[in-house]
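Welcome! Have the sequence and the 3D view open side by side, and try each exercise before you read its solution.

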Amino acid sequence: MKPIYLDHAATTPIHPEVIEAMMPAMEEVYGNPSSVHHFGRKARQMVDEARRTAARSINAKEKEIIFTSGGTEADNLALIGTAFANKHRGKHVITTTLEHHATLHAAEHLEKQGFSVTYLSVKENGQIDTSELKEALSEETILVSIMTVNNETGIIQPVKEIGMILKEHQAYFHTDAVQAYGLLELDVEELGVDLLTASSHKINGPKGVGFLYVREGVSITSLQHGGQQERKKRPGTENLAGVRGFHKAIELAIREKQQRWNKYEEYKQVFLGRLKDNNVTFSVNGGDSKSVPAIVNLSFPGTNVEALLTNFDLSGVAASSGSACTAGSVEPSHVLSAMYGKNDDRTINSIRFSFGSANTVENVIEAADRIASIVERLTRR
Ligand SMILES: Cc1ncc(COP(=O)(O)O)c(C=O)c1O
């Protein structure tokens with residue numbers, strides 16, 4: 001049985017053009033970008049070109065891009081780096097209960113370091129209530145971190161509205177745009193964003209590289225200590241091949257953005273339609289909230305995550321859940337718990353399906369058929 005990949009929100013296959021673009025960075029351009037000789041200068045040029053493309057992709061300046069080892073590091077740098085550099089102005093940070101753990105655990109770390117953190121609640125539709133944000137803001141607030149697109153549900157937060165609210169406030173606005181980058185138009189000026197996280201492996205680039213956009217004038221403290229790289233904000237020899245691959249992946253994502261969106265929308269509709277045709281009982285978590293079509297999170301009443309994922313895997317369908325499975329027991333998804341409450345069944349019977357370059361209309365239909373027969377078997381009385 002041919003495996004079918006429906007887990008692009010976890011990671012994506014590397015685009016062949018990305019692999020091709022990376023090869024010279026491993027075979028020919030082996031200098032250290034910090035070296036002043038010819039070899040180093042060629043490598044530096046490669047990093048600079050990537051930085052230009054990354055900056056242009058979000059309407060930023062080149063010097064506002066810091067390459068990191070991925071989304072996790074960028075989120076950590078955004079939260080911890082900004083909080084530490086600005087603690088003289090206040091020690092209060094605001095985030096939400098539905099962030100990725102890269103943000104949530106960084107926020108928890110800040111709490112241990114004496115900062116206070118407000119975790120905004122989430123409505124059943126998966127969005128925050130901006131009036132709660134307004135109430136939570138105080139003179140002590142130095143940073144607000146709210147993701148653009150949630151990685152479990154695909155639901156889009158009102159980032160532009162949040163940017164407007166924060167316009168007159170001293171607090172900097174960070175958004176984790178890992179799941180939005182390459183699908184949504186992200187203009188940091190228009191959105192009023194001061195810091196933005198992106199990751200390469202979610203857009204058909206290599207793993208282990210990403211960037212943090214930091215608006216000029218925003219002070220952040222480096223989490224590492226070492227050389228002068230990345231304007232001293234992220235010391236360490238650059239991941240040249242990774243940066244080169246990310247560069248290519250960004251170019252492709254920009255070029256194909258609308259096409260990709262349309263394709264994923266088609267996959268989503270075909271997938272949901274086929275499940276319905278097969279009489280599967282399910283509901284879409286978050287209902288019809290504004291979301292990216294690449295991610296859909298479905299609840300299958302009368303089932304549980306472990307049985308679903310195990311059987312999907314046996315039938316060659318790769319999907320995932322936000323629930324952490326440890327030693328046979330399931331930790332309910334923190335995102336769905338935030339939306340529906342801890343005791344709601346949807347937190348333990350929901351699966352995230354995410355579409356991308358490994359899909360075709362045919363394999364999405366095939367996956368829906370396999371899923372339908374598994375759900376039917378698991379719910380048969
Ligand atoms: C919303 C979000 N933020 C951050 C990350 C972490 O990115 P990385 O895997 O590049 O560390 C992910 C990855 O799953 C994500 O979905």
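A residue is called buried when its relative accessible area is under 20%, exposed when that area is over 50%, and partly exposed in between, using a 1.4 Å probe and protein chains only. The model is predicted, so local features need pLDDT of at least 70 and side-chain atom pairs count only at pLDDT 80 or more, while totals for chains, interfaces and linings use all residues. Residues are numbered from 1 along each chain as its sequence is written, and side-chain values use heavy atoms, with hydrogens and water left out. Helices (H or I, at least four residues) and strands (E, at least two) are DSSP runs, numbered from the N terminus.

**Exercise 1. One face of a helix**

Say which residues of helix α6 (residues 159–166) are buried, and what covers them.

*Solution.* 
Step 1: The buried residues are V159, I162, G163, I165 and L166.
Step 2: Looking down the axis of α6, these buried residues fall within an arc of 160 degrees, so they line one face of the helix. The arc is that of the directions from the helix axis to the C-beta atoms.
Step 3: An α-helix has 3.6 residues a turn, so residues three or four places apart point the same way.
Step 4: Among the elements covering the buried residues of α6 are α5 (130–136), β5 (141–145), β6 (172–176) and α7 (188–191).

**Exercise 2. Helix α3 against helix α4**

Describe how α3 (residues 71–85) packs with α4 (residues 101–112).

*Solution.* 
Step 1: The axes are 8 Å apart, and the angle is about 30 degrees. Axes are lines fitted to C-alpha atoms, for helices over the stretch in contact, and angles run from 0 to 180 degrees between N-to-C directions.
Step 2: That angle makes α3 roughly parallel to α4. Angles under 35 degrees count as roughly parallel, over 145 as roughly antiparallel, 65 to 115 as roughly perpendicular and the rest as oblique.
Step 3: From α3, T72, D75, N76, L79, I80, A83 and F84 meet A102, T103, A106, A107, H109 and L110 of α4.
Step 4: These contact residues divide into eight nonpolar, four polar and one charged. Ala, Val, Leu, Ile, Met, Phe, Trp, Tyr, Cys and Pro count as nonpolar, Asp, Glu, Lys and Arg as charged, and the others, Gly among them, as polar.

**Exercise 3. Two partners of helix α11**

Compare how α8 (residues 240–277) and α9 (residues 305–314) meet α11 (residues 361–379).

*Solution.* 
Step 1: α8 and α11 pack at about 30 degrees, with axes 9 Å apart, which makes α8 roughly parallel to α11.
Step 2: On the α8 side, the contact is made by E266, Y267, V270, F271, R274 and L275. The residues of this contact of α8 with α11 divide into ten nonpolar, no polar and three charged.
Step 3: The axes of α9 and α11 come within 10 Å and cross at roughly 135 degrees, which makes α9 oblique to α11.
Step 4: A307, L308, N311 and F312 in α9 meet I371, I374, V375, R377 and L378 in α11. Here the division is seven nonpolar, one polar and one charged.

Technical notes. Contact = heavy atoms within 4.5 Å.
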